[in-house]
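Subject: Structure handover

Hello,

Here is the structure I promised to pass on. Please open it next to this message and follow along.

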Amino acid sequence: MAGHTFYILDVFAEEKYAGNQLAVFLDAVSIPAETMQRLANETHFSETTFILSDEEKNGGYDVRIFTPEEELPFAGHPTLGTAYVIMHKVMKKPWDEVKLNLGVGQITVTYDKATGALWMKQVEPTFLRTFEPAPLADILGIGAGDIDERFPIQEVSTGIPFIIVPLKSMAAVKRAYLDPRKFTAYMGKKDSTGILVFSPETYHKENALNVRVFTKFISVPEDPATGSGNGCLAAYIVKHKYFGTAKIDIRTEQGYEMGRPSLLFLRAEERGGSIDVRVGGRVIPVAKCALE
């Protein structure tokens, strides 16, 4: 264990100390799963990842993702941040693409040299339960009138499920919070990873949507930048034609209420009954560390 190298990065960030923090451990095949979980709790970022080997397996790199509380089959900012580390520290050849073998399957990440952004193609979205406005408004501490009822409240998954709640204004987004007891009581055993709220009012006019994501994890009540959740949002926007079209190429902002401003790029298109979802953003390296 001693001497294991790990990197700290800010993902979906335009500068250091913004976006979503991530710790990425190299050559982690010898680290037991129980210790991985304890290390994730020690860093206490939204997620910590472990690259099991610097050798490809089935055309990709085996990676495990942990929150401070449990292992996840997929998460967005860990996928991009880990791909960045593999591209810069592991691969021994020129690169513009890398594949990560995750619990949800193999995810491809590509690098756009023109913008410096990394992009991941997410798995085919599934559209799950819909919900009435009043219970969700109560869980979020807002009024039922704050919810834009032109569109459904729906659970969507591109690997892990989020409940997507359209709000009318950024004022409503700012007021929102997740009551974990009400959330658990209402959802029962079939609880989602969390709730994503959004509105078309934004801090910056070049961005299309303002987003907040509240999670079920006590250690991470709110996430500053959520690639998986925004992938679900992209699929939702296309499915329900929020902008009146079955194709989007937009920017979303998140994390401002937490002091971690984040920028995510969303592309999605519905074709032949399926929806292609891609989420992109920039990764900023912050520190190289080693375990004592």
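First, the ground rules. This is a predicted model, where local features need pLDDT of at least 70, side-chain atom pairs count only at pLDDT 80 or more, and totals for chains, interfaces and linings use all residues. Residues are numbered from 1 along each chain as its sequence is written, and side-chain values use heavy atoms, with hydrogens and water left out.

**The two domains**

The domain assignment of the protein chain gives domain 1 (4-120 + 282-291) and domain 2 (126-281). Such bounds come from an automatic or database domain assignment. The centres of domain 1 and domain 2, taken over C-alpha atoms, are 24 Å apart. Domain 1 brings 30 residues to the contact and domain 2 brings 26 residues. Contact here means heavy atoms within 4.5 Å.

The size of an interface is often given as the accessible area lost when the parts come together. Between domain 1 and domain 2 the buried area is about 2,200 Å², and carbon and sulfur atoms give 58% of that. (Buried area is the accessible area, with a 1.4 Å probe, that two parts lose on being put together, summed over both.) Three residues stand out on the domain 1 side. Phe 12, Glu 69 and Trp 119 supply 31% of the area that domain 1 buries against domain 2, more than any other three residues.

Polar links also cross the interface. There are 11 residue pairs in polar contact, both at pLDDT 80 or more. (A polar contact is a pair of N or O atoms within 3.5 Å; within protein, one must be able to donate a hydrogen and the other to accept it, and residues adjacent in sequence count only if both atoms are side-chain atoms.) On the side of domain 1 that touches domain 2, the elements giving two or more residues are E1, strand E2 (20-25), helix H2 (76-90) and strand E8 (117-121). E8 gives the largest share, 4 residues. (Helices, H or I with at least four residues, and strands, E with at least two, are DSSP runs numbered from the N terminus.) By type, that side of domain 1 divides into 17 nonpolar, 8 polar and 5 charged residues. (Ala, Val, Leu, Ile, Met, Phe, Trp, Tyr, Cys and Pro count as nonpolar, Asp, Glu, Lys and Arg as charged, and the others, Gly among them, as polar.)

How many salt bridges does the rule find across the interface of domain 1 and domain 2? It finds 1. (A salt bridge is a side-chain nitrogen of Lys or Arg within 4 Å of a carboxyl oxygen of Asp or Glu.)

Now look at Asp 10, in strand E1 (residues 5-11). Asp 10 forms a salt bridge with Arg 260, with the closest N and O atoms 3.0 Å apart. Arg 260 lies in the loop between strand E15 (247-254) and strand E16 (262-271), so the pair ties together parts that are 250 residues apart in sequence. Both Asp 10 and Arg 260 are buried. Asp 10 has a relative accessibility of 3%. (Buried means under 20% relative accessible area, exposed over 50%, partly exposed in between, with a 1.4 Å probe and protein chains only.) The side chain of Asp 10 also reaches the backbone nitrogen of Tyr 17 at 2.6 Å. Leaving out residues up to four places away in sequence, Asp 10 touches several others, among them Glu 15, Asn 20, Arg 282 and Val 286.

**Other salt bridges**

The structure holds 15 salt bridges. One joins the side chains of Asp 146 and Arg 175, at 2.4 Å from N to O. Asp 146 sits in the loop between helix H3 (133-140) and strand E10 (153-157), and Arg 175 in helix H4 (residues 170-175), 29 residues apart. Asp 146 is buried at 17% relative accessibility, while Arg 175 is partly exposed at 42%.

Another joins Glu 270 and Lys 241, at 4.0 Å from N to O. Glu 270 is partly exposed at 25%, and Lys 241 is partly exposed at 41%. Lys 121, Asp 276 and Arg 278 are linked in a network of salt bridges.

**Asn 101**

Last, Asn 101, in strand E6 (residues 97-102). Asn 101 is buried, with a relative accessible area of 15%. Not counting residues up to four places away in sequence, its contacts are Lys 57, Gly 60, Tyr 61, Asp 62, Val 63 and Gln 106.

Best wishes
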